[in-house]
Amino acid sequence: MTGAMRFLILQADAAEGAASFFDSPWWKFTTMMAKALLVAMWLALAFWTYKDAKRRITDPLMIGVAVATSLIFPYVGTLFYVILRPPEYLEDVLERDLEIRAREQELVGGANRCPACRTAVRDEYLVCPKCRRELKVACAACARPLDRSWKVCPYCATDVASPKRSAKPVVAEEDELFA
Ligand SMILES: [Zn+2]
Ligand SMILES: [Zn+2]
């Protein structure tokens, strides 16, 4: 037997061994399991896409497109979906909107609260109904509620008679009337 012949025989043995390995039931079982796993993975990814899309997208058509993409293009489709999906969950968006609205309401309402006890009060209240703090002054002429910083009633143009500061001018006016 020459060296070349021995080499050929060894090669033939190796090929036969490989062929019988790929024909073996063990190999068949392994490949079948691997295929089943890949299919299961593909379906699981499509299902995950559906669940995730439902939490992020309101349009049912877009949810359908996302699921179809991950079904038609196994694995890659799901990857595309992950790249292109909306960054936030719908519930987070909703929660943030509610928070912003609540804060806005607080800001708007803040102007109409008693500075002493924070009770919500209306524009026309003269005193806080809860702690009796004076909020506005009634106009001496038309009795409308006036801000305490105002110098003249914007409704009837009467000078605001602040008892502390304008006591004298009022007296002077009265004096002039009597004179
Ligand atoms: Zn109060
Ligand atoms: Zn007035």
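Predicted model: local features only at pLDDT ≥ 70, side-chain atom pairs only at ≥ 80, totals over all residues.
Residues are numbered from 1 along each chain as its sequence is written, chains are lettered from A and ligands numbered from 1 in the order in which they are written, and side-chain values use heavy atoms, with hydrogens and water left out.

The chain holds six helices and two strands, taken as DSSP runs (H or I of at least four residues for helices, E of at least two for strands) and numbered from the N terminus. Read from the N terminus, their order is α-α-α-α-α-β-β-α. Of the 179 residues, 14% count as buried, where buried means under 20% relative accessible area, exposed over 50% and partly exposed in between (1.4 Å probe, protein chains only).

The zinc ion (ligand 2) is held by the SG atoms of Cys139, Cys142, Cys153 and Cys156, at 2.2 to 2.3 Å. In sequence, these donor residues follow the spacing C-x2-C-x10-C-x2-C. Donors are N, O and S atoms within 2.8 Å of the metal (3.2 Å for Na, K and Ca); water is not among the atoms, so sites may look incomplete. Angles of 107 to 116° among the four donor atoms make the site tetrahedral, a label that requires all angles to lie between 85 and 135 degrees. Cys153 counts as buried because its relative accessibility is 2%, whereas Cys156, at 30%, counts as partly exposed.

Methods: Tetrahedral: all angles 85-135°; square planar, octahedral: opposite > 155°, others 65-115°.
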